[in-house]
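Welcome! Please take a moment with the sequence and the 3D view below, and then we can walk through them together.

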Amino acid sequence: MAPELDALARRAELAGLNAASAPREAQVEGWLLRLSPGKAKRSRCVNALAGGTLPLDDLLRRCRPSFEQAGLPLILRITPSANQRISMINWPRKAGPASIPQT
């Protein structure tokens, strides 16, 4: 994707996130954790906004307890604006919570 389109897509993604903020949020290494029960996945998932400095397994290990404590499955929302190392993981598309590797 051209840099200007990539920047526009990222701005659109952030605008969508800011327009519908969840009452319970946390941040882990540039990832936005939304921990609110409900039907909209946007309000109960991990939004990978930045790559972070930790290995991916460590990032997932740090996110999982927050979701378990909230009684929610760990769902990763991977968008075109997500960091490349996240979007290139060979997980099945539309994977259920049980499909995310346990770390």
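## How confident is the model?

Among the elements of the protein chain, helix α2 has the highest mean pLDDT (89), while helix α3 (residues 84-87) has the lowest (55). Here pLDDT is the predictor's confidence in each residue, from 0 to 100. Where pLDDT is low, the predicted coordinates should not be read in detail. Across the protein chain the average pLDDT is 75, and 72% of the residues score at least 70.

This is a predicted model, in which local features need pLDDT of at least 70 and side-chain atom pairs count only at pLDDT 80 or more, while totals for chains, interfaces and linings use all residues. Residues are numbered from 1 along each chain as its sequence is written, and side-chain values use heavy atoms, with hydrogens and water left out.

## The overall plan

The protein chain holds 3 helices and 4 strands, and they follow the pattern α-β-β-β-α-β-α along the sequence. Helices (H or I, at least four residues) and strands (E, at least two) are DSSP runs, numbered from the N terminus.

Of the 103 residues in the protein chain, 33% are buried. Buried means under 20% relative accessible area, exposed means over 50%, and partly exposed lies in between (1.4 Å probe, protein chains only). Among contacts (heavy atoms within 4.5 Å) between residues at least 6 apart in sequence, 55% join residues at least 24 apart.

## The sheet

In what order do the strands of the open sheet come? The 4 strands are arranged as β1-β2-β3-β4, with mixed pairing. The edge strands, β1 and β4 (76-77), each pair on one side only. Two strands count as paired if DSSP finds at least two bridges between them.

Strand β1 (residues 25-28) runs antiparallel to β2, and 4 bridges join them. β2 is also antiparallel to strand β3 (residues 46-48), this time through 3 bridges. Leu-33 is a handy landmark: Leu-33 in β2 stands opposite Ala-26, and its bridge partner in β3 is Val-46.

## A hairpin turn and a neighbour

β1 and β2 form a hairpin with 2 residues between them. Glu-29 lies in this loop and has a positive phi of about 50° although it is not a glycine. With a relative accessible area of 29%, Glu-29 is partly exposed.

Now look for Gly-52, in the loop between β3 and α2.

## A buried arginine

The side chain of Arg-34 makes a polar contact with the side chain of Glu-25 (2.8 Å). A polar contact is a pair of N or O atoms within 3.5 Å; within protein, one must be able to donate a hydrogen and the other to accept it, and residues adjacent in sequence count only if both atoms are side-chain atoms.

## The helix across the sheet

Helix α2 lies across β1, β2, β3 and β4, running at about 20° to β2. Axes are lines fitted to C-alpha atoms, for helices over the stretch in contact, and angles run from 0 to 180 degrees between N-to-C directions. In α2, the buried residues are Leu-56, Leu-59, Leu-60, Cys-63, Arg-64 and Phe-67. An α-helix has 3.6 residues a turn, so residues three or four places apart point the same way.

After α2 comes Gly-71, with a positive phi near 75°.
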